[in-house]
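This report describes how the parts of a predicted model are arranged.

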Amino acid sequence: MSVLELREITKVFPGVVANDHVSLSLEEGEIIALLGENGAGKTTLMNVVYGLLSCDGGELLVDGRPVKIKSPRHAIDLGIGMVHQHFMLVQPLTVTENIVLGHEPARFGVIDFATARKKVLEISARYGLKVDPDSRIMDLSVGMQQRVEILKALYQGARILILDEPTAVLTPQEVRELFAVVRSLVNEGLSVVFITHKLEEVMAVADRILVMRDGRLVGETRPSDTDTVGLARMMVGRDVVLRVEKAPRACGDTVLEVDGLHVKDDRGLEAVRGVALSVRGGEIVAIAGVDGNGQREIVESIVGLRKPTSGTIRLKGEDITHASARSSIEAGVSHIPEDRHRRGLILEFTIAENLMLGDHRLAPYSTRGLMRPTAVTAMAKRRIVDYDVRTPSERVLASALSGGNQQKVVVAREIGRDPELLVAAQPTRGLDVGAIEFVHRQILKERDSGKAVLLVSLELEEISALADRILVIYEGRIVKEFAAGEADDETLGFYMTGGGGSKLAPETGATGARGEGER
Amino acid sequence: MNRKWSKVLAVALALTLLVAFVPGCASEQETGEPTPAEKPATSVKAAMVTDVGGLGDKSFNDLSYEGLKRAQSELGVEIKVLESKEITDYESNIDQLASAGYSPIFAVGFLMTDTVSKVSTMYPDVNFAGVDEFFAEPPANVVGLNFKEQEGSYLAGVVAGLATKDKTISDKINDDNVIGFVGGMDVPLIKKFEAGFVAGAKSVNPDVQVISLYAGNFTDQAKGKELGYSLIEKKADVIYAAAGAVGLGTIEACKDKGALFIGVDADQYNTVPGSGDVMLTSMMKRVDIAVFETVKAAVNGSFPGGQIQYFGLKEGGVDLAPFHDFESKVPQTIKDAVEKARQDIISGAVTVPETL
Amino acid sequence: MSETHEALPEQRRWMGVVQQIGAPVISVIIAIGIGSVIMWVSGYDAGAAFAALFKGSFGSPKAFGDTLLRATPLIFTGLAVAYGFSAGLFNIGAEGQLFMGGLAAAYLGVQLAAQPWYAAVPVLLLGAMAAGAAWAFVPAVLKARIGAHEVITTMMFTYIGKYLVSWLVVGPLKAPGQIPQTVTIGTSAQLPRIQTLFSEATLEALPFLRFGRAHMGIVVAILFAVIMWAILKYTTLGYEARAVGFNPTAAETGGISVSSTIIKALCISGALAGLSGAVEVMGVHYKIFDQFSSGFGFTGIAVALVAKKNPLGVIPAALLFGALSAGSGLMQLEADVPQKIISIIQAVVIFLIAAESVIQWFIKRRQKEALSHAG
């Protein structure tokens, strides 16, 4: 008998059918993966199961009995636990306190922490979820925090565990550990729903794969019966090239030259500690690293958003170390920011207005402070076509676009400007495979036309797909350099997490020699 | 869920609005015009326009309205009051009353001086009266109603000049021969108060030191309190304030640090609750009398157009309020001195200066 | 999911039109309903009251002129606050900038009394703009450089400005006489009443031109509303202000200097508020005194909110406030409703119209939420 069964679940938002008669079942001890692009309706479906949303049609059965789940509390009582993409933990409290929150064992009205702690330890030992029950959440890594979330669900008696995009925030090592945990959970008789849009993960962990598209269940398969290409086709509805073809590199002159760069972060702590790197025309140099090791500060220094404390940045020999964002743009630096909602776009602006941001002072978009709407419209219409932005009109607000189309607007603007140097920070974050393919193609096209590209990414897959050279960053220093194809994910992950030793001095004086030794 | 809550919220809001405003509205009704008494009817329709202070200011607007109401019950005239909320309302309010056939129309406060001059030319058949308004050359249908504040202030000065030497009146009286004056703005109108007060005090106590401080406006109560403190620090024990709402702050200072206070415009013993223990007396401007007399003249067909009228002690336009709580403590000598000064001024034996 | 997204903008535009026009009308109807209940409960004739309100504000050319007169300063302060909003700034101190603008106009109007109108009027208006901008400049720099919140600083400068004027009209700039006010400005520097521009014969033939007290300031005000609309829509200045207002981080990334945009925007806002003071001096009082503004700077905040920060929307919003104010005299005179009840009715109308934009904001947010759930 299925522990969870969905029959013809339908959920309608104003103007959008998020779930269209979706039926599925989950057996005891089974891992199913819910695969689909962003916006396919996976999270909505699971929010219905978890009682966060009410469905407009269909039926839910838990252990064969029809139920109407009214709230997360109700879901928990039925044995359903969910770990969200964004953790819901209280940062200053300890692991134990967070886990028992809402289900505190009390004796005479006083919280019995001793019993709680014992129970937490017991559960963590049973499922191999090692975590210190007395640490404060704010002192834990993201992977550890996720464990706490899982522990919390187990503590509350979950037999069905829903994991929403659980790997989005993890390092490769942490992903592997998570998969081990998930397997030990199902060995103990739990059932797991794994929401993701990453094909490799599905192949590695799922027993059964359910693919969603446009709110409908479009396919069901098993890892043994398919491969990533087949899954991608099912997911997107057409053939997708997962790894875009890359022409051999034709290196030009050095475009970007960074030397002895020291930068402080927002808190005033030194985040970049003596970085030297160079990018030549026609090559993609990728900085690989775990989030928060100084990548953001390097990028912001190059594009003029942050003042370095020391060091030099040169663009084609010209010193732009202290350039403002404006003069940096005018010097030929384009920037795809890591956060398109915060930095990349003005969501309340139209597509056309967003497309001229940064060039709005220049002819033909404006002359003597007066804007030229016809020129702007013409440019916007052209770029919407060139960069395949799916929109009825250039007058549509950026906020009305899907994530992929929003990113296409950013890419269209930054590449359409025809820069000398493109700095792309996590350019495919949160995008689905179709959009990722598009962005990757654009970046490669830029490289093939002889431009310099500096790529910062947390996704090793993306780095190995695009980079000609890979610089591994750890604690504000470049700790290792590899040529494309020289290192596998394991090796990169090893250096990214400090395996190479953080004391490793940055390679100096090698800027000129760096272009050599590959292919 | 959201929708449900917004509904609940809307209903709650509507109820709050009703509950909050209805009692206020009900009480508003009480201030409405009393039913006209059975008096011989006259065709005169008298009206007034308040300044932005509006009714309920316990000062000129209310006093003028008192005068109108008295005219209504005693003379049987029809009355109407339009309250101004903005300065822009002055002209339209006066204009609307004039075109609705009201005459005389009283405009309360010097800020309406220009407006009255302007509108009066458009309605030559309508009579206008400006309370506290000084017209350079009043037109034939306009009268300026002004007051000899210096005369009333002179009496207040007599009281203060004697009281500061008499410890039997209150334990708040000190050994120093110092009294204080708080003015609103340093303008001629307020100087009249100060000049009369100083002259009155010196007439009975030539050595008395009068310290005068000005707030710079008529509204800042905190400033009034501050000025009160500094006067008391300089040993002033009787303080006279001609400063509108600023004086309310000075009353607070007197209660805090122990000094006596002389109120202004109305009998502030009645209009400022809880001030009885410091309120020695008040210098009253009887705007109500001036308004009533003017309506009466209009009814009798002798509207004093083209004049600037001054209401002094003789006309009953200014006066000293009762001592109230201090009635038994103020010695007869002071009461006699006040009475003597009053007679001297009325008889013309003493002329009170308008400036220092 | 892209298909559904594509369907939305059209749908939205349609809904937008209904919301823009229908919702304020519904708000006014509800306000009249609530106002009637309030008056009925307190024993007044609601029908007569609203009839008087309408008659006193739109019932005759003269009444409409009174509405225009009262709307004139509010258009400027509404524009001032709305422009600030566009750049993400809350210029709560328009009142102080208004005082400085009025002061500049009153001073220059006396100095330039001998000049012809075409020399005097532009200089007075420019002078008032400069004075208002100067009064906003220090708060602007404090905001841009050290992040001092403009709500606090512009408010403080309002106090300074008001006290400065109140000191000047009692002291150095006081006209001879009993009243604390400045000397009357030259006739050439005054903004004439509209009806004085036409001959008696024209007025006889076209009586609807008898606009009573309305003066040429309303023409200047409407002109500026159009100018501000064009600046926001068609200049890089307005583009950068809006960009900073919506998302300063993205604007900065796009090479826009956030701090200089803030300074420019707050100074422009101050200049507009300064004009408000100037038209009051040049068109109504011909001099400045302590209380020459009845809080127009603060009412401007409400005007800007009702106008949803759109410069063209400021015109009808200011007319609404002007009409409510113009009609209050006749409400007292003909319906015997006390001013305090009228104030409550006015507050209800404004509250409901402002609430309407709050409600719309909620609707939009719900739509957004729905999309992000689906997305």
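In this predicted model, the C-alpha centres of domain 1 of chain A and domain 2 of chain A are 35 Å apart. Chain A is split into domain 1 (4–236), domain 2 (241–332 + 419–519) and domain 3 (345–416); the domain bounds come from an automatic or database domain assignment. Eleven residues from domain 1 of chain A and eleven residues from domain 2 of chain A take part in the contact between them. Two residues are in contact if their C-beta atoms, placed from the backbone, lie within 7 Å.

On the side of domain 1 of chain A that touches domain 2 of chain A, the elements giving two or more residues are α6 (172–187) and α8 (228–236) of chain A. Helices (H or I, at least four residues) and strands (E, at least two) are DSSP runs, numbered from the N terminus. The largest share of this side, five residues, comes from α8(A).

Between chains, the most contacts among the two pairs that touch are between chains A and C. Chain A and chain B have no contact, and their closest C-alpha atoms lie 11 Å apart. Chain B does touch chain C, with 34 residues of chain B in contact with 32 residues of chain C. On the chain B side, α1 (2–30), β2 (78–82), α3 (88–99) and α6 (188–204) of chain B each supply at least two residues. Of these elements, α1(B) gives the largest share, eight residues.

The table gives the make-up of the two sides described above. Ala, Val, Leu, Ile, Met, Phe, Trp, Tyr, Cys and Pro count as nonpolar, Asp, Glu, Lys and Arg as charged, and the others, Gly among them, as polar.

| Domain 1 of chain A that touches domain 2 of chain A | five residues | five residues | one residue |

In chain C, Leu209(C) sits in the loop between α7 (200–205) and α8 (217–234) of chain C. Leu209(C) counts as partly exposed because it has 15 C-beta neighbours inside 10 Å; a residue is buried with 20 or more other C-beta atoms within 10 Å of its own, exposed with 12 or fewer, and partly exposed in between, with C-beta atoms placed from the backbone. Beyond its neighbours within four places in sequence, Leu209(C) is in contact with Pro61(C), Gln195(C), Phe198(C), Thr202(C) and Leu203(C).

Residues are numbered from 1 along each chain as its sequence is written, and chains are lettered from A and ligands numbered from 1 in the order in which they are written. Because the model is predicted, local features need pLDDT of at least 70 and side-chain atom pairs count only at pLDDT 80 or more, while totals for chains, interfaces and linings use all residues.
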